[in-house]
Amino acid sequence: MSNHDRTIFHLGNPWPPTISGGAIRLYNLLKPLSETYSALKSNVITDINDPRLSHREFGAIGVFYINKKQNLIKKIMRYRRILKNQKIDLIHSHNLRASLIGFLILPLCPQILEIHSPQELSFFKKIIAKLLFKRVVKIIVLSEEAKKYFLENFKLSPAKVVVIRNGRDKMSALINRQFKNKKQYNLGYLGGFEPWDGAYQLVE
């Protein structure tokens, strides 16, 4: 990375004090990046149920909180006040709504869209999704199955969709090491059973 300061905004992803897979995934990405690259400034805009939270600094990571109970218009205005006052090099959106808001406010800013899990979309939302998919630089998904879903249903170029997995490889190594001498063991799983949710890969 060059010496030029770069500012990235991550839109629509959970963040502490919210505890979720998405929050942990993003925190584990941004914390080492902020410690390694001093020229990189990462910011997060996230919804939260606590209206008292507005802005916090997690080391070099700035976090702007938006009251989850506000209506969509007020949320967009809050996004606008935050984003318009920043010099932003890249937007990393974590859902379709955040991506749309990002383009409405900063239409010329490059954007990467991350989709944690494919969902069935209504006719209107599917049109919006197709427009967003054309505009974004890259689309990040968590599995090869999710990539296949988007390639088949939205006719996207394979080069546009990138797979970045969660930490399954280390977990697989841990399971293999602890249970390699057992003929049978019980496994508890909490999650969905769509092909892209990872349950079948975990069993394999």
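Biologist: Which residue in S7 is the bridge partner of Glu114?
Modeller: This is a predicted model, where local features need pLDDT of at least 70, side-chain atom pairs count only at pLDDT 80 or more, and totals for chains, interfaces and linings use all residues. Residues are numbered from 1 along each chain as its sequence is written, and side-chain values use heavy atoms, with hydrogens and water left out. Strands S6 (residues 111–114) and S7 (residues 138–141) pair in the parallel sense over three bridges; pairing takes at least two DSSP bridges. In S7, Glu114 is bridged to Ile140.

Biologist: What is the hand of the β-α-β crossover from S6 through H4 to S7?
Modeller: Helices (H or I, at least four residues) and strands (E, at least two) are DSSP runs numbered from the N terminus. With the strands pointing away from the viewer, a clockwise path from the first strand over the helix to the second counts as right-handed. By that test, this crossover is right-handed.

Biologist: Which residue in S8 is the bridge partner of Ile140?
Modeller: S7 also pairs with S8 (residues 161–163), in the parallel sense and over three bridges. S7, H5 and S8 make a right-handed β-α-β unit. In S8, the partner of Ile140 is Val162.

Biologist: How many aromatic pairs are there?
Modeller: Rings of Phe, Tyr and Trp (its six-membered ring) pair if their centres lie within 6.5 Å. Planes under 30 degrees apart are stacked, over 60 edge-to-face, and the rest tilted. The count is seven.

Biologist: Are the planes of Phe133 and Phe150 stacked or edge-to-face?
Modeller: The ring centres are 5.8 Å apart. The planes stand at 90°, so the pair is edge-to-face.

Biologist: Which helices do Phe133 and Phe150 lie in?
Modeller: The pair links distant parts of the chain, 17 residues apart. Phe133 is in helix H4 (residues 123–135), and Phe150 is in helix H5 (residues 144–154).

Biologist: What is the angle between the planes of Tyr149 and Phe150?
Modeller: These rings form an aromatic pair, 5.3 Å centre to centre. The pair is edge-to-face, with the planes at 85°.
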